[in-house]
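Thanks, everyone, for making the time this morning.

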Amino acid sequence: MNLNTAAAELENDPETAAGKTVYVYEGPVRLWHWINALCIVVLSVTGYLIGSPLPSVSGEASANFLMGYIRFAHFAAAYIFAIGFMVRIYWAIVGNHHARQLFMLPITDPKWWAGIVREIRWYLFLEKQPYKYVGHNPLAHLFMFLFVTVAAVLMIFTGFALYSEGAGLGSWQDRLFGWVIPMLGGSQATHSWHHLGMWGIVTFVILHVYAAVREDIMSRQTMISTMISGQRTFRE
Amino acid sequence: MTETFYDVLRRQGISRRSFLKFCSLTATSLGLDSSYAAEIAKAMETKPRTPVIWLEGLECTCCSESFIRSAHPLTKDVVLSMMSLDYHVTLMAAAGHQAEKQLEEIKKKYKGNYILAVEGNPPLNEDGMFCIEGGRPFVEILKETAADAKAVIAWGACASYGCVQAAKPNPTRATPIDKVISGKPIVKVPGCPPIAEVMTGVVTYMLTFDRIPELDRQGRPKMFYGQRIHDKCYRRPHFDAGQFVEQWDDENARKGYCLYKMGCKGPTTYNACSTVRWNDGVSFPIQSGHGCIGCSEEGFWDKGSFYDRVTDIKQFGVESNADKVGGTAAAVAGAAVAVHAAASALKKAKKSDNDKVTGGN
Ligand code: SF4
Ligand code: SF4
């Protein structure tokens, strides 16, 4: 299949005809999305403050627990994030095929590659219109895979490895994730990777929010309301 | 009759009373309960003495210096008498050919039964020519001596991880001993130097129990390297409260607040300093007002500044840390979004203009 026939097939997909509405994101996927978004905000802010703490508080040490609360918020949000991610994996197995998109890249599909080229051209203002997609468009799909799935795995593994240092030798965190620390060249290096991962996710969030708002206005399909109601409506 | 440790100690003039005291002291310092004192005594009275060969490669002798300063005089006497009999370049009485002969004899007589303690490491560049001992590259002596040893102790950051002589660009290719020795149990006792009591504790454990202590994933004895400096630091309440030294010599420094913002590596360093301390338990770096520099961690010379918490990542250029790399990426993305949004708005405006002219939707 060459790029042209791939393009034609995408253009004439009856599922995405103008005015049509499709149910894409099931309840658990939508719920996960928003919980995850909240977790990422909490984790990024508290994580940054753990690396670069706020100005010192005054008074007796026993009367203050600021750093303790910040770390507590970080760990609590981290558990929710990690458990959410596991539930999300479960839903990828039992949910509809859109729920699986986050975990698989169709790199052997020429249609997908054609879609990436088209999306890039659309963002460079070289195309009048983007293609319509029931799920994620291929470019978004690639970014989601790298900065949500891969990044979440990186953050969960490095995060729990660092947590195991406090939980102690022999804790389940240590037994499951402790090996990450020597693999990355020590505790300090693991902190650095965890920190970089945070910035990667923050950068993605900026692009993701912008792209979602822009596509909602400029593309031929709904975006933001789709992640609320689960329905995607197509326009001309 | 084979010689036991007890025989040796008595010959060195150590009384039975001192010997028993030593046994209970050792049990305590190893975190074992008091019943072990009797077990240690029994082992030392009955088991044949295990000789220790102490080799020194590329190093500064700070491990030996630390070792002979072991706090408790009793421990010092006992452990030194247990060891000085054999081969230790700095401490032994013999020198020259006589010393080399002694080494050969121990290796032959106790084949497979002696402990090899290594201070420093072998440089591998130029066929090991950067460290010559007795006319031969140290790496050869190390390999030969290790081949017939029962177990190997890697003293300090040098033998364990390479330390300063292996710091980038490592011109002599100084290499940790576990990369050179294979097929032998290796106990890593990192630190620059390791704490004296930790060293004597490890030696005593191995000599009396005739086995290596329980090790963690990185090959360090769990009893001394199981926790971070930060986990047992007496300034930890200030850390949890959010009270930090913000600048050297500020009011907070005088109050003894946490040194985290001054780059303390206590949260990423496994060692016993905050419990055992140094110089007969007098103090340790944090207690005297300076952060931990992480001397017992792998490659601590190459892990960025001693005075930053978010340290430089060499892969991203000399002066870049995670905040700089990530913050730049986020800022670039933000700027790109702003420009792109403006261009998109323009395009949309144009399109609706066109639509009006052509009467489209
Ligand atoms: S001084 Fe260092 S080791 Fe002690 S609590 Fe602060 S950061 Fe942790
Ligand atoms: S406090 Fe840190 S730098 Fe100092 S001796 Fe202990 S491990 Fe080494």
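Let me begin with the second chain and its ligands, keeping in mind throughout that this is a predicted model. The shell around ligand 1 consists of eight nonpolar, two polar and two charged residues. Reading through that shell on the screen, you will find B:His230, B:Cys233, B:Arg235, B:Arg236, B:Phe239, B:Cys258, B:Leu259, B:Tyr260, B:Cys264, B:Gly266, B:Pro267 and B:Ile286.

What classes of residue make up the shell around ligand 2? Here there are six nonpolar and four polar residues, and no charged ones. The residues in question are B:Thr269, B:Asn271, B:Cys273, B:Trp278, B:Pro285, B:Cys292, B:Ile293, B:Gly294, B:Cys295 and B:Ser296.

Let me turn now to chain A as a whole. Chain A is built from ten helices and two strands, and along the sequence these elements come in the order α-β-α-α-α-α-α-α-α-α-α-β. Taken along the principal axes, the C-alpha atoms of chain A occupy a box of roughly 70 × 35 × 35 Å.

Next, the helix packing in chain A. As a reminder, two packed helices are described by the angle between their axes and by the distance between those axes. Helix 2 of chain A, residues 27–51, packs with helix 3 of chain A at an angle of about 150°, and the two axes are 8 Å apart. Angles over 145 degrees count as roughly antiparallel, so helix 2 of chain A is roughly antiparallel to helix 3 of chain A. The crossing of helix 2 of chain A with helix 3 of chain A is left-handed, and the contact between these helices brings together 19 nonpolar, five polar and two charged residues.

Is A:His74 buried or exposed? It is buried, because its relative accessible area is 11%, and the cut-off for buried is under 20%. Leaving aside residues up to four places away in sequence, A:His74 touches A:Leu43, A:Thr46, A:Gly47, A:Ile50 and A:His194.

A second pair in chain A is helix 5, residues 110–123, and helix 9, residues 187–218, which pack at an angle of about 85° with their axes 13 Å apart. With that angle, helix 5 of chain A is roughly perpendicular to helix 9 of chain A. On the side of helix 5 of chain A the contact is made by A:Glu119, A:Trp122 and A:Tyr123, and on the side of helix 9 of chain A by A:Ala211, A:Arg214, A:Glu215 and A:Met218. By class, this contact of helix 5 with helix 9 of chain A has four nonpolar and three charged residues, with no polar ones.

Returning to chain B, helix 2, residues 16–29, and helix 3, residues 35–46, pack at an angle of about 125°, with their axes 8 Å apart. At that angle helix 2 of chain B is oblique to helix 3 of chain B, and the crossing of these two helices of chain B is right-handed. Among the residues that make the contact are B:Phe22 and B:Thr26 of helix 2 of chain B, and B:Ile40 and B:Met44 of helix 3 of chain B. The contact of helix 2 with helix 3 of chain B divides into ten nonpolar, two polar and two charged residues.

B:Thr204 sits in helix 9 of chain B, residues 196–209, and counts as buried because its relative accessibility is 2%. Sequence neighbours up to four places away excluded, B:Thr204 touches B:Phe22, B:Thr26, B:Val79 and B:Phe209.

B:Gln165 lies in the loop between helix 8 and strand 7 of chain B, and it too is buried, with a relative accessible area of 16%. Although B:Gln165 and B:Trp301 are 136 residues apart in sequence, their C-alpha atoms are 9.6 Å apart in space.

Finally, B:Arg11, in helix 1 of chain B, counts as exposed at 54% relative accessibility.

Technical notes:
Residues are numbered from 1 along each chain as its sequence is written. Chains are lettered from A and ligands numbered from 1 in the order in which they are written. This is a predicted model: local features need pLDDT of at least 70, side-chain atom pairs count only at pLDDT 80 or more; totals for chains, interfaces and linings use all residues. Side-chain values use heavy atoms; hydrogens and water are left out. Helices (H or I, at least four residues) and strands (E, at least two) are DSSP runs, numbered from the N terminus. Buried means under 20% relative accessible area, exposed over 50%, partly exposed in between (1.4 Å probe, protein chains only). Contact means heavy atoms within 4.5 Å. A residue is near a molecule or strand if one of its heavy atoms lies within 4 Å of it. Ala, Val, Leu, Ile, Met, Phe, Trp, Tyr, Cys and Pro count as nonpolar, Asp, Glu, Lys and Arg as charged, and the others, Gly among them, as polar. Axes are lines fitted to C-alpha atoms, for helices over the stretch in contact, and angles run from 0 to 180 degrees between N-to-C directions. Angles under 35 degrees count as roughly parallel, over 145 as roughly antiparallel, 65 to 115 as roughly perpendicular and the rest as oblique. A crossing is left-handed if the near helix is turned anticlockwise from the far one by less than a right angle, and right-handed if clockwise.
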